[in-house]
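Please keep the sequence and the coordinates at hand while reading.

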Amino acid sequence: MPDFSLTPEQESLRDLARKFARAEMAPQAAECDRIGRFPEEIYRKAYELGLMNLNVPTEYGGSGLGVVDQCLIVEELAHACGGMTTSVIANCLALEPILLGGTPAQKERILSPFCAKYQLASFCLTEPSGGSDAGGLKTRARKDGDQYVLDGEKCFITNAPHASLYTVFATVDPELRHKGITAFVVPRSAAGVTPGKDEEKMGHRASSTSTVRFEGVRVPATDRLGAEGEGFSLAMRTLDQTRTPIGALATGIAQAALDHAAAYALKRQTFGKPIAEHQAIQIKLANMAQAVHAARLLTWHAAWTIDHGAKGTLESSIAKCFASDAALEVADEAIQTFGGYGYMKAYPVEKLLRDAKLTQIYEGANEIQRTVIARELLQKYA
Ligand code: CAA
């Protein structure tokens, strides 16, 4: 039975993240959103405070945190800015395949120098031909002696224009579908690697997203993660680990929306009293509070499950799917509580709706999460 009382260490991690989020991220969030600025100085500070390579063991220079601890941090950061949080935690996603599939020698050789200074890494799975069908990816990896030659294009890659390292999923034989997919670690400095221009996005505008082209990129076989054909399972096992923190990110956005709506409802007067005294608004706030609470508990439960050694495929999909749907609903209701002001960019809640939307799409669209949930569920009845 999970016990969600926090240890003193967890309380101080959460406080550290909260202070950083409020002092450094929140004051810049609206402006970065407005002009689409990637605030690298904030990401550098997050690294210096140990808030970036959260999942990497301390022996390789990371913070060595479990998934519950990661979720505590991520929710606090996302309360201040969902987009910045996406960029801060993108290293966790990109480095997880190395943690899961790398040999001890690869981890030491790749992770230790990477984590020794501020650097960004990107997880390169999605392709223009279709993100949900990861097994159908087309980027080719041709064996040539003791090297592979990579050719293809990835898209919607978080932090790609600023990253110095990419974990790349490519196929040694597209006929084999998922059984041909193989994972590689590719430095940005390798000849033939070209990140594209930063995309203009609806939300998460403090984060950077682009394509990455791989043209005749030579990768030593020593930078392959696991065996040929093990890449798909590596990608899925990675996402099992990282979808739960996306649940925490969505919960942080939802909590921010509730906080703004409740504070506004106490201040804003109509019909001679604060709107918080009208039942229509009270019911809204009560429903929002239930959604936030449920999202947080499902997220913590999934995180606890993984920290206790389970795969967490079902739990992480439930947490990510529920919390991201909740974030969108709660942000929508926050706008409704603000009325016309909520629709204005001068107020903070319309950004929350735009930021919440992405959490239903990235790290596996919620339609995919429901597919995963149904498959896991039906196995139990078969
Ligand atoms: N762990 C380990 N192995 C797994 C697994 C898991 N969670 N899920 C599936 N597998 C294995 C299966 O057991 C099977 O193995 P065998 O061949 O040995 O039987 C194999 O993988 C194929 O599985 P499926 O038949 O289930 O594969 P599928 O083609 O039907 O696809 C899917 C399954 C769940 C739809 C998968 O394609 C998927 O998750 N798609 C979404 C991809 C995604 O989340 N992309 C997000 C990109 S990252 C991003 O957005 C971040 C960013 O930069 C912001």
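## The loop between S6 and S7

His204 is found in the loop between S6 and S7, in what is a predicted model. The phi angle of His204 is near 50°, a positive value in a residue other than glycine. Most residues other than glycine have a negative phi. With a relative accessible area of 1%, His204 is buried.

Arg205 lies in this loop too, between strand S6 (193-195) and strand S7 (209-220). Is Arg205 buried or exposed? Its relative accessibility is 16%, and because buried means under 20%, Arg205 counts as buried. Residues up to four places away in sequence aside, Arg205 touches Cys32, Asp33, Arg34, Ile35, Gly36, Arg37, Glu200 and Arg354. One of these contacts, Asp33, is 172 residues from Arg205 in sequence, while the two C-alpha atoms are 4.9 Å apart in space.

Arg177 is partly exposed, with a relative accessible area of 41%, whereas His204 is buried at 1%.

## Val168 in strand S4

Val168 lies in strand S4, and it is buried, with a relative accessible area of 0%. Once its neighbours within four places in sequence are left aside, the residues in contact with Val168 are Cys124, Leu150, Lys154, Thr182, Ala183, Phe184, Val186 and Phe214.

A separation in sequence can also go with a separation in space, as the pair Val168 and Glu11 shows: these residues are 157 residues apart in sequence and 36 Å apart from C-alpha to C-alpha.

## Helix H5 and its cover

Helix H5 (residues 104-115) has 12 residues, and the distance from its first C-alpha to its last is 15 Å, close to the 16 Å expected at 1.5 Å a residue. Which residues of H5 are buried? They are Gln106, Lys107, Ile110, Leu111, Ser112, Phe114 and Cys115.

Ile73 lies in helix H3 (residues 67-80) and counts as buried at 0% relative accessibility. Not counting residues up to four places away in sequence, Ile73 touches Leu13, Ala17, Leu51, Leu54 and Leu65. Ile283, by contrast, is 210 residues from Ile73 in sequence and 30 Å from it in space, C-alpha to C-alpha.

Trp304 lies in helix H7 (residues 279-307) and is partly exposed, with a relative accessible area of 22%. Its contacts, again without residues up to four places away in sequence, are Met1, Pro2, Asp3, Phe4 and Val68. The C-alpha atoms of Trp304 and Tyr166 are separated by 29 Å, and these two residues are 138 residues apart along the chain.

## The chain as a whole

The protein chain has 10 helices and 10 strands. Its radius of gyration is 21 Å, close to the 21 Å that the globule rule gives for 382 residues, so the chain is as compact as a globular protein of that length. Taken along the principal axes, the C-alpha atoms fill a box of roughly 80 × 50 × 40 Å. Buried residues make up 54% of the 382 residues, and of the contacts with a separation of 6 or more, 75% are between residues 24 or more positions apart.

How much of the accessible surface belongs to carbon and sulfur atoms? The share is 55% of an accessible surface that comes to about 16,600 Å².

Key: Residues numbered from 1 in each chain as written. Predicted model: local features only at pLDDT ≥ 70, side-chain atom pairs only at ≥ 80, totals over all residues. Heavy atoms only, no water. Helix = DSSP H or I, 4+ residues; strand = E, 2+ residues; numbered from the N terminus. Rg over C-alpha atoms; globule rule 2.2 N^0.38 Å. Buried < 20%, exposed > 50% of the residue type's maximum accessible area, 1.4 Å probe, protein only. Contact = heavy atoms within 4.5 Å. Areas by Shrake-Rupley, 256 points an atom, 1.4 Å probe, with all protein chains shown as cover. Expected span 1.5 Å × (residues − 1).
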